[in-house]
Amino acid sequence: MKVFHFLLFVDIFFNTAILNASTYDDDILNIFSKRVPRFIIMSSQKDKIKNDIEICVVHDKIDERASLSLINKINGNYPKGIQNFQIKLISSSYSELETCKNAQLAFMFNSDDKNIEKAILLLNKENILSMSYDIALLEKGADISLFIGRNVMPYINIRNITNKKIALDNILLRVSKIYIESNK
């Protein structure tokens, strides 16, 4: 009987870890995959492109599958790139953020506060546009997320983007929801 309880405990423990990793909705990842490269094209980040558009997808080990899914979806939506630019996608864990230094945009999956803070500091220092799956990361310093309601619209932390001296296309600003920091 003790063996049965132990096996049941192990099964529940590991399945909970797997369930925790699958908190990313496939349809929402598909929505992001269609928009991520466009944020570079519709900003002054376009001027930083040397040969290819570089997008860094930052994740924890547990979210590696979701990260690869997003990368595959972007590649599927943009097989020939966008506006004569090929798209180079870099998968990076939060512990290997230095691999993102040449990117124009970093897409961040959820992580603990320490990793998010470290990523935001590096991305701000390097003037890299940061985009997050979770809209709550705007409060922690991310630049862009998506507001998904009746319509899908960009949700922009204009203060952060302005601090990085990144300019956004007026059309993008008109169709976006502007994030306003709450008084802490």
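Visitor: Which residues does aspartate 143 touch, leaving out those up to four places away in sequence?
Guide: In this predicted model, aspartate 143 touches Ile128, Leu129, Ser130, Leu138, Tyr155, Ile156, Asn157, Asn160, Ile161 and Lys164, once residues up to four places away in sequence are left out.

Visitor: And where does aspartate 143 sit, in a loop or in a strand?
Guide: Aspartate 143 is in the loop that connects β4, residues 129-132, with β5, residues 144-148.

Visitor: Is aspartate 143 buried or exposed, and why?
Guide: Aspartate 143 counts as buried because its relative accessibility is 0%, and the cut-off for that label is under 20% relative accessible area.

Visitor: What does the side chain of aspartate 143 make a polar contact with?
Guide: The side chain of aspartate 143 is joined to that of lysine 164 by a polar contact of 2.5 Å, and Lys164 is also among the residues listed as touching aspartate 143.

Visitor: Let me step back a bit. How many helices and strands does the chain have?
Guide: The protein chain has 6 helices and 7 strands, and from the N terminus on these elements follow the order α-α-β-α-β-β-α-β-β-β-α-α-β.

Visitor: What share of the residues is buried, and what about the surface?
Guide: Of the 184 residues in the protein chain, 44% are buried, while the accessible surface comes to about 10800 Å², with 54% of that belonging to carbon and sulfur atoms.

Visitor: For contacts between residues at least 6 apart in sequence, what percentage joins residues at least 24 apart?
Guide: Among those contacts in the protein chain, 62% join residues at least 24 apart.

Visitor: Now strand β3. Which way do its residues point?
Guide: In strand β3, residues 105-108, Leu105 and Phe107 point one way and Ala106 and Met108 point the other way, and all of them are buried. In a regular strand the side chains alternate between the two faces of the sheet.

Visitor: Which strands does β3 pair with?
Guide: Strand β3 pairs in the parallel sense with β1, residues 53-59, over 4 bridges, and 4 bridges also join β3 to β4, again running parallel.

Visitor: What does the chain cross through from β3 to β4?
Guide: The chain passes through helix α4, residues 113-125, and this β-α-β crossover is right-handed.

Visitor: Changing topic to α3, what does its buried side pack against?
Guide: The buried residues of α3 pack against α2, β1, β2 (87-93) and β3, and these buried residues are Ala66, Ser67, Ser69, Leu70, Ile71, Lys73 and Ile74. Helix α3, residues 64-77, has 14 residues and reaches 20 Å from its first C-alpha to its last, close to the 20 Å expected at 1.5 Å a residue.

Visitor: Last one, is asparagine 170 buried or exposed?
Guide: Asparagine 170, in helix α6 (residues 170-174), is exposed, since its relative accessible area is 52% and the cut-off is over 50%. The C-alpha atoms of asparagine 170 and methionine 42 are separated by 8.7 Å, although these residues are 128 residues apart along the chain.

Note on methods:
Residues are numbered from 1 along each chain as its sequence is written. This is a predicted model: local features need pLDDT of at least 70, side-chain atom pairs count only at pLDDT 80 or more; totals for chains, interfaces and linings use all residues. Side-chain values use heavy atoms; hydrogens and water are left out. Helices (H or I, at least four residues) and strands (E, at least two) are DSSP runs, numbered from the N terminus. Buried means under 20% relative accessible area, exposed over 50%, partly exposed in between (1.4 Å probe, protein chains only). Contact means heavy atoms within 4.5 Å. Accessible areas come from the Shrake-Rupley method with a 1.4 Å probe; for residues, only the protein chains shown count as cover. A polar contact is a pair of N or O atoms within 3.5 Å; within protein, one must be able to donate a hydrogen and the other to accept it, and residues adjacent in sequence count only if both atoms are side-chain atoms. Two strands pair if DSSP finds at least two bridges between them. A crossover is right-handed if, with the strands pointing away from the viewer, the path from the first strand over the helix to the second runs clockwise. The expected span of a helix is 1.5 Å times one less than its number of residues.
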